[in-house]
Amino acid sequence: MSKNWTKETFTLNTGAKIPAVGLGTWQSKPNEVRDAVKAALLAGYRHIDTALAYGNENEVGQGIKDSGVPREEIWITTKLDNTWHHRVEEGITSSLKSLGTDYVDLYLVHWPSSTDPEDLKKHLPDWDFIKTWQEMQKLPASGRVKNIGVSNFAIKNLEKLLNHESTKTVPAVNQVELHPNNPSPKLLDYCKEKGIHATAYSCLGSTNSPLASDKTLAKIAEQKGKTTAQVLLMWGLQRGSSVIPKSVTAGRIEANFQLDGWSLTDEEMKTLSSLPDRFKVCGDSWLPIKVFFGDDEA
């Protein structure tokens with residue numbers, strides 16, 4: 001059944017409604033982000049995703065103002081950087097100041113790594129994401145953060161978090177890399193079971209991904225009269241995840257939003273979910289600790 005995905009939302013375990021489609025801003029260059037955010041909001045997007053680590057929160061905030069779209073109509077997601085795990089309060093204060101807003105709709109722990117700010121190759125000896133979450137749980141009471149969640153959490157780390165006695169709040173969202181070359185069905189099932197909504201980043205793969213030249217994907221797109229990007233976004237949405245495609249080109253931003261009134265068949269969904277290639281845009285080799293364990297796939 002086809003839906004008008006551009007108006008659809010997913011209801012989180014807090015009762016809040018996250019827009020199904022948003023704009024990702026990772027790796028968007030300076031001066032491009034501001035225009036991209038404005039273009040997206042004018043095209044009808046209502047979810048903008050950023051992070052302290054991207055170094056572009058200020059521009060994202062400017063793009064939101066440029067658009068003229070009222071703040072209360074926009075869902076803003078940002079993230080706590082790895083080197084700020086022991087400074088959650090400072091982290092959110094910094095992000096709000098950069099974004100030029102009084103609150104964010106969703107604040108995520110960007111990675112389950114409490115990295116030592118003095119040495120990025122080291123993990124803080126006396127701090128881990130359990131302690132980070134204890135601090136995160138305090139934020140919604142202030143009204144400056146409406147919902148809290150995590151990002152890049154594998155089943156193993158979610159189990160660790162959810163089973164800890166100090167965890168009173170189940171994360172509303174787990175933002176993870178999801179595309180047909182990294183479908184993570186087990187992780188998706190686990191999140192659904194625990195009432196955690198999954199947001200898909202790198203949902204179009206990337207320029208280096210096998211998806212860019214995948215003939216099966218290209219054939220489905222051709223048969224549908226859609227772009228491969230549109231097909232990939234629809235695949236993500238029909239699996240129950242929100243999607244945050246990144247683009248800085250106005251034309252592509254608009255094309256990625258043309259998701260209303262059509263759908264993929266069960267057969268097409270199955271075909272895409274069965275692509276044999278495996279590819280991760282974001283691994284964990286740059287982190288001081290391992291955060292992916294290969295247990296999230298089939």
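**Stop 1: strand 11**

Select strand 11, residues 173-177: 5 of its 5 residues are buried, so the strand is mostly covered. Buried here means under 20% relative accessible area, with exposed being over 50% and partly exposed in between (1.4 Å probe, protein chains only). Helices (H or I, at least four residues) and strands (E, at least two) are DSSP runs, numbered from the N terminus. Before going on, note that this is a predicted model: local features need pLDDT of at least 70, side-chain atom pairs count only at pLDDT 80 or more, and totals for chains, interfaces and linings use all residues. Residues are numbered from 1 along each chain as its sequence is written, and side-chain values use heavy atoms, with hydrogens and water left out.

Now show the side chains. In a regular strand they alternate between the two faces of the sheet. Here Val173, Gln175 and Glu177 point one way, Asn174 and Val176 point the other way, and all are buried.

**Stop 2: the strands on either side**

Strands 10 and 11 run parallel, joined by 2 bridges; DSSP has to find at least two bridges for strands to count as paired. Look for Val150 opposite Asn174. Then bring in strand 12 (residues 197-201), which pairs with strand 11 in the parallel sense over 5 bridges. Asn174 stands opposite Ala198 there.

Strand 10, helix 5 (residues 155-162) and strand 11 make a right-handed β-α-β unit. Strand 11, helix 6 (residues 185-194) and strand 12 make a right-handed unit too. Right-handed means that, with the strands pointing away from you, the path from the first strand over the helix to the second runs clockwise.

**Stop 3: rings**

The structure holds 5 aromatic pairs. Select Phe129 and Phe153, an edge-to-face pair with 5.0 Å centre to centre and 70° between the planes. They link distant parts of the chain, 24 residues apart: Phe129 is in helix 4, Phe153 in the loop between strand 10 and helix 5. Rings of Phe, Tyr and Trp (its six-membered ring) pair if their centres lie within 6.5 Å; planes under 30 degrees apart count as stacked, over 60 as edge-to-face and the rest as tilted.

Next, pick Trp111, Trp286 and Phe292, which form one aromatic cluster.

**Stop 4: Leu139**

At 4% relative accessibility, Leu139 is buried. Which residues does Leu139 contact, leaving aside neighbours within four places in sequence? Val88, Glu89, Ile92, Tyr107, Arg144 and Val145, where contact means heavy atoms within 4.5 Å.

**Stop 5: helix 8**

Finish on helix 8 (residues 228-238), mostly covered with 9 of its 11 residues buried. Among the buried ones are Met234 and Trp235. The cover includes strand 2 (9-11), helix 7 (215-224) and helix 10 (266-273). Just after helix 8, check Gly240, with a positive phi of about 95°.
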